[in-house]
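I opened this structure to look up its salt bridges, its pockets and its overall build. My notes follow.

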Amino acid sequence: MTEQLYRHIQKLVPGFTVEQEKIASFFQTKLVKKEVLLLREKEMCDTIYFVNKGCLYLFYENNEEKQVVHFALENWWITDYKTFPDGKPAVYSIAAMEDSEITSMSRKNYETLLLQFPLLALYFNKIHERAYGAALFKQKTFATVSKEDFYRYFRNTYPELIQRIPDPVFASYMGVSLKTLKTYQDMYIS
């Protein structure tokens, strides 16, 4: 467990005063290289990941092309939330978009941690509420605005992130061709 994750927990749940050493054994931290797969579709999903440094992304294969669904930057959690709760085969894959440092926790450790330290359930509830809200907002935005307007929104809302995402990955996330993405980029070069 990293000091960064511990501070993140305390930021979202200020009443959490358990010493870091008492929960550290539930987590594992490691470095992963760009494009390393942490989870493949159809593998058992039994791990949740916290990004200390770098960026991960969630995607699925569609006619041998990646369809990017979600990103996780520093201080964000990511897993296949469709299958993590029950350990079923993953419907998504997770890869590192950049060289990254991640902290992970197995499903078994997650459940044990929450039983031993119930206040952490509040922390993860806040994480999951935010993730679900963001997913719903993306779905609404996709349904109600043009792709160009979505690009403008994303560029204005997440300027640091858009600089870090390779164009093919962002085009996939938006559901547009690379050529269309380049057109949007050219329109908004300042």
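For accessibility I used these cut-offs: buried is under 20% relative accessible area, exposed is over 50%, and partly exposed lies in between (1.4 Å probe, protein chains only). By that scale R164 is partly exposed, at 26%.

I noted the ground rules next. This is a predicted model, where local features need pLDDT of at least 70, side-chain atom pairs count only at pLDDT 80 or more, and totals for chains, interfaces and linings use all residues. Residues are numbered from 1 along each chain as its sequence is written, and side-chain values use heavy atoms, with hydrogens and water left out.

**Overall build**

I counted eight helices and eight strands, taken as DSSP runs numbered from the N terminus (helices H or I, at least four residues; strands E, at least two). The C-alpha trace spans about 50 × 35 × 30 Å along its principal axes. I checked the radius of gyration, taken over C-alpha atoms, against the globule rule of 2.2 Å times the number of residues to the power 0.38. For 190 residues a compact globule would come near 16 Å, and the protein's 18 Å agrees with that. Of the 190 residues, 42% are buried. I also looked at contacts (heavy atoms within 4.5 Å). Among those between residues at least 6 apart in sequence, 67% join residues at least 24 apart.

**Salt bridges**

Side chains of opposite charge can pair when their charged atoms come close. I counted a salt bridge where a side-chain nitrogen of Lys or Arg lies within 4 Å of a carboxyl oxygen of Asp or Glu. How many salt bridges does this rule give? The count is eight.

One of them joins K66 to E35, with the closest N and O atoms 3.2 Å apart. K66 lies in strand β5 (residues 65-72) and E35 in the loop between β1 (28-32) and β2 (37-39), so this pair ties together parts 31 residues apart in sequence. K66 is partly exposed at 35% relative accessibility, and E35 is partly exposed at 39%.

E98 and R164 form another, at 2.8 Å from N to O. E98 sits in the loop between β7 (93-96) and β8 (100-106), and R164 in helix α6 (residues 159-164), so the pair links parts 66 residues apart in sequence.

I then looked at D149 and R152, whose closest N and O atoms are 2.1 Å apart. Both lie in helix α5 (residues 147-157), three residues apart, which is about one helical turn. D149 is partly exposed at 31%, and R152 is partly exposed at 30%. Separately, salt bridges with shared partners join E74, E98 and R164 into one network.

**Pockets**

I searched a 1 Å grid over the protein atoms alone; a pocket is an open set of points with protein on both sides within 12 Å along at least five of seven lines, and lining residues have an atom within 4 Å of a point. Points are joined across faces, edges and corners, and a volume is the space filled by probe spheres set on them.

The largest pocket has a volume of about 1,100 Å³. It is lined by 36 residues, with H70, R130, A131, A134 and A135 nearest its centre. Helix α4 gives the most to this lining, twelve residues.

The second largest pocket holds about 260 Å³. Its lining has 14 residues, and E65, K66, P168, S172 and V176 lie nearest the centre. β5 and α7 (167-174) are the elements that give two or more residues to this lining.

Key:
1 Å grid on protein atoms, 1.4 Å probe; cavity = no way out; pocket = protein on both sides within 12 Å on 5 of 7 lines; lining within 4 Å.
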